[in-house]
Amino acid sequence: MDTLRKLLQQPSSHTSCFVYRRRPLGGSEGNEMGGTEMKPDQPEPDEDLEAEPNSDITALVVQQPQHRRKTVIYLFLCSLLIFTTAFLLGYVAFRGSCHYCGEVGEMVPVEDKPGIDHYPTAGMYPGELRDMLKKYLQDEKIEATIRTTHPSGSSEGTALAAEILEMFKDLHMDHTWTDSHYATLQFPSRTQRNSLWIVDAEGEEMLEEIPLEDPDSYCAYSAIGTATGGLVYVNYGRQEDFDWLRSAGVSVIGCVVMMRVGGGVSYAEKVLFAQKAGAGGALIYPDPADIPQDPRRLGLNSYTAISEHVHLGSGDPFTPGFPSFNHTQFPPTQSSGLPVIPVQPISANVASKLLSQLSGLACPRGWQGRLPYVRCVLGPGFSSGDGRKVRMGVYNIMKPTLLNNIFSSLEGRIEPDQYIIMGAQRDAWGPGAVKSGVGTAVLLELARTFSHMVKNGFFPRRSLLFVSWDAGDFGNVGATEWLEGYLSMLHLKAVAYFSLDQAVMGDDNLSAFTSPLLADLVESTIKLVTLNTHRHIKSLYLNSGAYSFTAFGGVPAMELRFTEESRVYPFINTPLDTIGRLQEVLGGRLGVVGRSLAELVGLMVLRLAHDHILPLQITSYSQSALHFSTQLNKYSAELQARGLSPQWVFSARGDYSRAAKTLKEDILNSDIQDETMIRIYNTRIMRVEYYFLSQYVSVVETPFRHVLHGRGEHTLSALSEHLSLLTSDPRSFNEARFRRQLALFTWTLQGAANALSGDVWNIDNVF
């Protein structure tokens with residue numbers, strides 16, 4: 001205690017403490033905070049000191065509340081400064097990445113639909129993703145990867161499949177596998193060649209054999225056997241061509257018909273129309289008016305025929321509507337699309353030799369080709385006047401063949417069970433540069449590019465599938481068998497399909513054969529790619545690699561193609577379809593054009609794999625229904641006279657339009673970060689194409705069930721054609737058949753409207 005008392009009595013000058021002293025508020029030495037200052041203790045005049053305890057510790061204790069108030073003020077000011085600085089820095093950073101902000105920072109609406117431009121992926125923005133895609137795509141890789149292709153089932157074809165499988169494995173993607181089938185394919189017989197003869201009037205004596213200059217050319221799935229009869233020239237073999245012949249009194253019943261390649265119809269369709277007209281056989285040739293035939297100017301040789309399958313359908317025709325897995329057995333059946341007459345492709349030389357001997361009526365305007373030494377007449381007789389006829393024999397053989405589809409995939413990070421699929425056929429009857437070589441090279445380059453992108457920061461929301469299909473030349477058999485095998489699940493998982501078949505035939509025009517749901521996507525994407533070409537959006541066609549995905553599987557699909565402006569590529573399905581000739585057509589720019597196509601497909605795949613909301617235009621089918629409603633109105637008087645009302649169709653069309661519009665508005669007003677709602681919306685969008693597959697026809701009897709893109713009595717085109725008979729040929733109008741067609745279409749459209757509406761309580765069915 002004595003020691004403590006001594007310390008308390010020591011003068012302040014002997015301590016090292018700070019002493020707070022009060023000075024007058026107005027004094028010259030007072031500070032801005034009211035005169036309180038802190039300084040080391042020093043002796044000062046007595047008049048400056050207030051009557052306070054002279055102990056430093058005592059003074060410190062007395063002045064402590066004043067010190068705390070000043071500390072609080074300092075802390076408040078510092079915190080305010082830090083908060084303001086952080087806010088300004090955050091605002092500047094946000095302004096740099098905001099896609100919805102106006103000039104002064106307010107939130108404003110934008111015209112762009114939610115898509116790739118609005119959602120960063122792992123810190124990467126759309127421009128960065130596009131730049132990354134362009135960086136990794138290489139035209140040299142495409143050019144170096146093109147392979148000479150081979151027919152399905154050949155040892156060379158099997159070796160090519162193994163090579164592509166290894167190339168996929170080398171990319172180290174998430175999954176790589178093979179999907180195998182046994183399908184029935186048709187090939188030329190090696191023991192009995194197809195033949196063509198001129199015979200006598202009784203068909204018994206062979207007068208002259210007409211050599212088939214291209215003996216390996218054939219029409220897969222032709223009927224087997226012989227046909228003997230007069231020869232009739234039928235132009236392109238379209239339905240309107242046979243209609244004109246019938247009106248001119250020229251019968252083709254029991255005759256062999258001669259048809260030109262082209263005219264906007266496939267070989268299978270030509271044969272169908274010939275069968276319906278009663279023809280006994282068919283010959284198909286390339287006319288110089290349609291197919292260039294000057295080898296000095298990149299034309300076809302006059303002794304070359306063009307092969308093509310004649311099955312009016314896709315897939316294995318002996319397992320229609322169901323898969324030909326090698327572990328399944330089904331009772332014998334066959335597709336209704338198989339022809340019942342023999343069909344053989346012939347060269348221009350052979351066609352010229354036969355047509356130059358014909359007699360009969362002169363051809364109508366527009367039917368004249370450019371065969372040398374041929375005066376265009378219809379037949380069926382020969383100018384010799386002795387009643388001679390033509391006999392054709394087709395001896396192709398059916399062969400069970402192992403098919404191998406090669407798959408590789410990159411899994412999506414958020415919705416891995418939704419697939420964007422890219423595919424190309426791998427086989428060809430000839431070298432197949434255009435038919436399958438370029439498409440396969442582009443497929444492999446897209447696989448390599450997306451694999452590298454994933455390794456460098458791109459994380460797709462949805463899964464990407466890359467597929468090399470087998471037996472494409474036989475009617476997309478490999479792809480269709482896979483569709484048939486997984487049909488029950490694909491409409492829930494497949495977002496879209498991109499076919500790369502026959503992708504590059506020139507560089508003047510770009511055609512997109514597409515489902516309407518993808519039309520807006522391709523048009524907006526084209527603007528992002530530098531293309532000095534004309535652009536055309538077209539409907540899917542029967543022989544397209546994309547057709548069966550939409551018409552059979554209910555999956556939105558597209559096939560892109562570069563072509564020449566002034567001429568067709570003449571070498572498809574011939575032994576002349578080589579890389580050298582294709583390079584000559586393109587002026588050595590094959591790699592550049594192939595890269596442009598890969599970039600266009602890649603950018604669309606980016607949108608579909610990346611966007612929160614799938615960029616499919618669900619309102620597009622409203623226009624198709626509206627067009628048909630307008631057509632019905634034109635025949636309202638005729639329909640009413642027969643007691644028929646189009647009111648059901650109008651009602652269904654209105655329901656679909658409202659459902660599509662409502663869903664679109666709901667999406668625009670929703671929270672795109674709500675993954676549950678996003679999933680619900682995308683599921684409804686994905687199924688739109690599937691909704692238009694008629695549930696009222698058999699998939700076995702009518703595999704192309706799509707009412708807008710399919711084939712059969714249930715389709716809108718068949719309904720429209722029948723409707724036109726009300727004025728063009730009222731006696732042929734079948735009221736009972738029309739009522740059934742109208743009911744099938746109406747209920748399919750109404751079903752699509754109901755499904756698009758979502759829950760049953762959102763469906764407005766008022767009776």
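A salt bridge here is a side-chain nitrogen of Lys or Arg within 4 Å of a carboxyl oxygen of Asp or Glu. The model is predicted: local features need pLDDT of at least 70, side-chain atom pairs count only at pLDDT 80 or more, and totals for chains, interfaces and linings use all residues. Residues are numbered from 1 along each chain as its sequence is written, and side-chain values use heavy atoms, with hydrogens and water left out.

**Stop 1: salt bridges**

Select Arg426 and Asp470. Their side chains meet in a salt bridge, 3.3 Å from N to O. Arg426 sits in the loop between strand E13 (415-425) and H9, and Asp470 in the loop between strand E14 (462-469) and helix H10 (477-485). The two are 44 residues apart, so this pair links distant parts of the chain. Helices (H or I, at least four residues) and strands (E, at least two) are DSSP runs, numbered from the N terminus.

Are these two residues buried or exposed? Arg426 is buried at 3% relative accessibility. Asp470 is buried too, at 7%. Buried means under 20% relative accessible area, exposed over 50%, and partly exposed in between (1.4 Å probe, protein chains only).

Next, select Glu415, Asp417, Arg461, Arg462, Glu675 and Arg679. Salt bridges that share partners join them into one network.

Go to Lys134 and Glu599. This salt bridge spans 3.8 Å, N to O. Lys134 belongs to helix H3 (residues 126-136) and Glu599 to helix H15, 465 residues apart. Lys134 is partly exposed at 31% relative accessibility, whereas Glu599 is buried at 7%.

Now pick Arg190 and Asp216. The closest N and O atoms of this salt bridge are 3.4 Å apart. Arg190 lies in the loop between strand E3 (175-187) and strand E4 (195-199), and Asp216 in the loop between strand E5 (206-209) and strand E6 (225-229), so the pair ties together parts that are 26 residues apart in sequence. Arg190 is exposed, with a relative accessible area of 60%. Asp216 is partly exposed at 46%. By the rule above, the count comes to 27 salt bridges.

**Stop 2: the cores**

Select Phe450 and Phe466. They have the most contacts inside the largest nonpolar core, which has 165 residues. Helix H15 (residues 590-610) gives the largest share of this core, 12 residues. A nonpolar core is a set of buried Ala, Val, Leu, Ile, Met, Phe, Trp, Tyr and Cys residues joined through side-chain atoms within 4.5 Å.

What is Phe450 in contact with, leaving aside neighbours within four places in sequence? Its contacts include Leu133, Leu410, Phe466, Val605 and Leu606. Contact means heavy atoms within 4.5 Å.

A second, separate core has 26 residues, among them Tyr419, Trp469, Leu487 and Leu490.

**Stop 3**

Select Glu445 in helix H9 (residues 433-455). Glu445 is buried at 2% relative accessibility. Not counting residues up to four places away in sequence, Glu445 touches Tyr136, Leu137, Gln138, Lys141 and Ile142.

Jump to His709, in the loop between helix H20 (688-691) and helix H21 (716-728). His709 is buried at 13% relative accessibility. Its contacts beyond four places in sequence include Pro516, Tyr547, Tyr621 and Glu689.

**Stop 4**

Select Cys363 and Cys376. A disulfide (a pair of cysteine sulfur atoms within 2.5 Å) joins them, S to S 2.0 Å. The torsion about the S-S bond is about -85°, so the disulfide is left-handed. Both Cys363 and Cys376 are buried.

Tyr373 is in the loop between H8 and E11. Tyr373 has a positive phi of about 65° although it is not a glycine, and it is exposed at 79% relative accessible area. Pro380 is found in the loop between H8 and E11. The peptide bond from Gly379 to Pro380 is cis, with omega near 10°. Most residues other than glycine have a negative phi, and most peptide bonds are trans.

**Last stop: Gln502**

Gln502 lies in the loop between strand E15 (494-499) and strand E16 (509-514). Gln502 has a positive phi of about 50° and is buried at 13% relative accessible area.
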